[in-house]
Amino acid sequence: MLKLLSLTTAVIVWGALSLTLPHEIFPGPIETARALWGDIAGGEVWTDLTMTLLRVVGGPVLALILGVPVGVVMGLNRRAEAVLDVWVMIGLTIPSLCYAIMAFMWFGLNEGAAIIAIAVTAAPSITINIWEGVKNVDTKLVAMARVFEASRAVIVRRVLLPQIFPYVMASARFGLGIIWKITVLIELIGRPNGVGFKLFYWYQLADMRQVLAWTLLFTIIMLLIELLILKPIERRLFAWRPQVAI
Amino acid sequence: MNPAINVESLRKTFKGRDGTSRAVLKDLDLTVAAGEFLCILGPSGCGKSTLLNVLAGLDTVYDGRTSVSGGRIGYLFQEPRLLPWLTADENLDFALASCRVPTSRWSELKSRYLAMTGLSEYRDYYPHQMSGGMAQRLALVRALCVEPAILLMDEPFSGLDEITARRIRADLLSIWRETRKTIVFVTHNAYEACFLADRILVMLGGAFREEMRVPIGRPRSFDDPAIFTLSRDVIKAFDDEIGREPVQSAIPVAEPSLIDNLARHAAARMNI
């Protein structure tokens with residue numbers, strides 16, 4: 001209920017602000033929604049949206065594949081931590097635009113390069129999360145499991161993974177936020193389709209109604225993913241955690 | 001009858017960061033008879049937890065010989081060490097599954113020990129929804145329901161308030177009377193040791209310094225003056241030991257806590 005109210009407020013604020021500028025430059029919510037509806041009815045939205053969503057999903061998958069093992073190794077081994085620490089910091093510092101340019105220059109203007117650029121941008125922050133998670137593993141619980149004769153596989157599956165999982169989940173959610181921003185940027189410079197491409201296209205035609213319509217579309221989709229997929233998963237997985245009262 | 005635990009010249013050294021090594025267990029010999037309730041009493045840092053870890057098989061790097069026979073080992077830690085993402089019931093299942101207890105026996109074992117400790121109503125609670133005393137009782141249930149022949153306990157009640165600790169100690173004694181497990185109970189609390197044990201080994205600086213039998217009949221009452229008198233003697237023996245050996249500086253000085261504990265007990269006895 002409160003959420004709905006705050007959402008409505010946001011739309012009203014948007015409408016009010018849009019009155020301060022000519023509507024070709026800053027269209028209001030109704031105008032934007034109408035343009036969006038036109039795009040959806042025209043049917044051309046889906047290809048671009050699907051391509052972007054594929055990249056938004058494919059990027060993190062590759063990023064997890066790269067980032068999780070490094071994070072685990074860093075959490076377990078002090079020497080690896082000392083060596084890789086600097087690498088992760090460098091990886092985190094380099095702007096995503098650089099990764100995108102390098103990927104397109106080295107691997108060509110193709111889908112693989114786009115996904116690699118997205119993954120490499122997201123991987124360092126995933127690594128940092130997992131590293132933190134592995135370091136915080138409660139070894140006392142591991143000792144407990146060993147006393148109860150638990151096998152190594154059982155310890156990993158039932159004692160270690162549940163402790164690391166919140167960190168994986170946090171990095172996935174956190175990652176999604178960054179990733180979609182990078183994806184749009186990468187589409188802008190190197191892909192012939194996708195939301196980023198469309199944004200740039202309409203920007204060049206100076207059609208602000210369409211620019212905002214596409215932004216709105218993607219925001220809605222991301223909110224839906226967050227509210228309908230990630231939140232429920234999280235609620236189910238972490239039902240055991242106590243509520244923090246401050 | 002074969003002893004349940006037999007330890008011969010057990011030595012364990014830890015290497016410090018500066019390369020010097022420090023002996024934490026110095027040629028320990030220990031025999032515990034099956035069904036015996038042994039308390040190992042000593043200040044923190046005296047090596048008693050290290051000894052338990054060796055007995056439990058958690059620590060495998062040592063010199064000397066140890067043998068534990070008669071069946072499975074149960075271990076009750078100082079903290080409950082429950083898996084926070086599992087309910088009380090699921091925590092017990094985890095232990096039962098890990099120890100490969102046949103599934104057909106689970107519900108009988110769980111109900112029995114949950115009932116003994118008064119936790120039957122709390123099966124669906126998560127650990128964070130329980131008080132410290134309940135969580136530690138659940139840990140006791142978990143240790144018992146895999147039916148160990150030997151129960152190792154590492155200061156299991158030292159983190160609890162005195163009233164709760166008393167109740168669980170009484171639970172423990174009645175369970176011990178029924179099941180006749182071999183129990184090795186480590187504590188820094190002289191009064192607790194005198195109340196629980198058949199025999200007390202006083203440990204200081206990685207070695208046993210004194211052995212005492214507890215000549216008090218069972219069932220015992222926590223308020224028995226004989227226990228109080230005995231515990232005073234035990235502490236006195238401690239003071240003598242410490243006085244005799246002034247160079248034990250490597251061990252963190254925690255002896256005052258023994259006296260504190262005793263004072264607290266005396267206070268508790270007067271209040272309740």
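**Notebook: chains A and B, predicted model**

Next I looked up chain B as a whole. Its pLDDT averages 85, and 88% of the residues score at least 70. Which helix of chain B has the lowest confidence, and which the highest? I found helix α8 (residues 256-271) of chain B lowest, at a mean of 50, and helix α2 (residues 88-98) of chain B highest, at 95.

Then I went to the domains. Domain 1 of chain B comes in two pieces, 3-71 + 166-271, and domain 2 covers 82-148. I see five residues of domain 1 of chain B in contact with eight residues of domain 2 of chain B. The domain 1 side of that contact has two nonpolar, one polar and two charged residues.

Last, the interface. For the complex I noted an ipTM of 0.81 and a pTM of 0.75. Chain A puts 16 residues in contact with 16 residues of chain B. What gives two or more residues to the chain A side? I get α7 (139-147) and α8 (152-190) of chain A. The most comes from α7(A), with seven residues. By class, I have 12 nonpolar, no polar and four charged residues on the side of chain A that touches chain B.

Technical notes. Residues are numbered from 1 along each chain as its sequence is written. Chains are lettered from A and ligands numbered from 1 in the order in which they are written. This is a predicted model: local features need pLDDT of at least 70, side-chain atom pairs count only at pLDDT 80 or more; totals for chains, interfaces and linings use all residues. Domain bounds come from an automatic or database domain assignment. Two residues are in contact if their C-beta atoms, placed from the backbone, lie within 7 Å. Ala, Val, Leu, Ile, Met, Phe, Trp, Tyr, Cys and Pro count as nonpolar, Asp, Glu, Lys and Arg as charged, and the others, Gly among them, as polar. pLDDT is the predictor's confidence in each residue, from 0 to 100. Helices (H or I, at least four residues) and strands (E, at least two) are DSSP runs, numbered from the N terminus.
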